[in-house]
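Student: Please guide me through the model shown here, taking one question at a time.

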Amino acid sequence: MDAISVIRTKRDRGELSPEQIDWVIDAYTRGEVADEQMSALAMAILLNGMNRTEIARWTAAMIASGERMDFGALSRPTTDKHSTGGVGDKITLPLAPLVAACGAAVPQLSGRGLGHTGGTLDKLESIPGWRAQLSNAEMLDVLNTTGAVICAAGDGLAPADKKLYALRDVTGTVEAIPLIASSIMSKKIAEGTGALVLDVKVGSGAFMKTIEDARELASTMVALGTDSGVRTVALLTDMATPLGLTAGNALEVRESVEVLAGGGPKDVVDLTLALAREMLDAAGLKDADPEKALADGSAMDVWRRMISAQGGDPDAVLPVAREQHVISAPSSGVLTRLDAYDVGVAAWRLGAGRARKEDPVQAGAGVELHAKPGDTVTEGQPLLTLHTDTPEKFEYALKALPGSYDIAPSGTPFTATPVVRERIA
């Protein structure tokens, strides 16, 4: 077996054999296949695709490159959620403790932000003392004592994916649907959860810009999970507009705590409850009532225990950016569009995100929204507030926002896009 023959097979639109896939993933993980060779193969996959058999074998080979976790000793059924990423997507923060409060165990292995999409670990690290890195034993202990854990994936989980993802990021092959699907599902299947709900974002602020691409990705991942014995369902959810009223790390933690306290923006509450119901149903807890767990404070109790168990202080004052810049509405009328991608880029440029994995982030940086599409605005009222510790970043961030919103004359009809657009099982 050699790398060139594998590359040529896919370059010429052929089907990779199970033996070719097993060999190339293993050899790349060990360093026998060079980065430039795997880059060529990734580009061939982007251009020519893979069939279901190839994707399933590719995913299995990446799982086999590392360890598999086992939650069989837990007394609760396990269920997990994965989002493909968006702007203001803080859903994991209220969702994990909410589902745990309803009787499931939620082992939520999360990541960091890159580019315009935020990362769950970056958000939580704005809480003083909170730790993302846990050993497997610590992770199990937090799960046993609180019912939910949100932490970084260990290095032993699908190491082939970790190496390949970094390569895709710098070779223009991130968008390859077979590679997105196998990347996500190799980690989630190796994680060992019994049930999985996928939140596949669609719109300007998502990797999948069209409903057709989102549907293809969701269907591919649901099939991979189902074939591996994991009860899997996907929701296609809107990411044309930022979720909630904040995009940024500490800003989003504050909003998540508001949701757990029984408040928060309607779209965040609605999506949190929709995903909670799917997770509980997939875990066999059909009679659980997540709306009640939000209202009676039990979800908040789990949140506080979970944060404390990972070294964080749930009562600590969250960081606030030193500088703010207000963007006012230029006219009165109905806000009909607020572009998620543009807001995400502005938040990133203010310091909330990173261009490279090793870049630091500012805990207090981000964008605060004072109106959402469908709201009536008055000329001169605050529309957006930009937050950063470094005021020289304002100019660069503001360049992302011209043309990012539309205001129509008062009385203009407006129909909101539902936050959940489709369900795929």
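Student: Over the ring of which residue does the charged end of K163 sit?
Tutor: This is a predicted model, in which local features need pLDDT of at least 70, side-chain atom pairs count only at pLDDT 80 or more, and totals for chains, interfaces and linings use all residues. Residues are numbered from 1 along each chain as its sequence is written, and side-chain values use heavy atoms, with hydrogens and water left out. A charge sits over a ring if NZ of Lys or CZ of Arg is within 6 Å of the ring centre and within 35 degrees of the ring normal. The charged end of K163 lies 4.5 Å from the centre of the ring in question, that of Y28.

Student: How far is the charged end of R349 from the centre of the ring of Y396?
Tutor: The charged end of R349 sits over the ring of Y396. Its separation from the ring centre is 4.0 Å.

Student: How many aromatic pairs does a search of the whole structure find?
Tutor: Rings of Phe, Tyr and Trp (its six-membered ring) pair if their centres lie within 6.5 Å. By that criterion, the number of aromatic pairs found in the whole structure is zero.

Student: Which residues of α14 make the contact with α11?
Tutor: Contact means heavy atoms within 4.5 Å. On the α11 side, the residues are V253, V257 and L260. On the α14 side, they are A299, M300 and W303.

Technical notes. Rings of Phe, Tyr and Trp (its six-membered ring) pair if their centres lie within 6.5 Å; planes under 30 degrees apart count as stacked, over 60 as edge-to-face and the rest as tilted. Helices (H or I, at least four residues) and strands (E, at least two) are DSSP runs, numbered from the N terminus.
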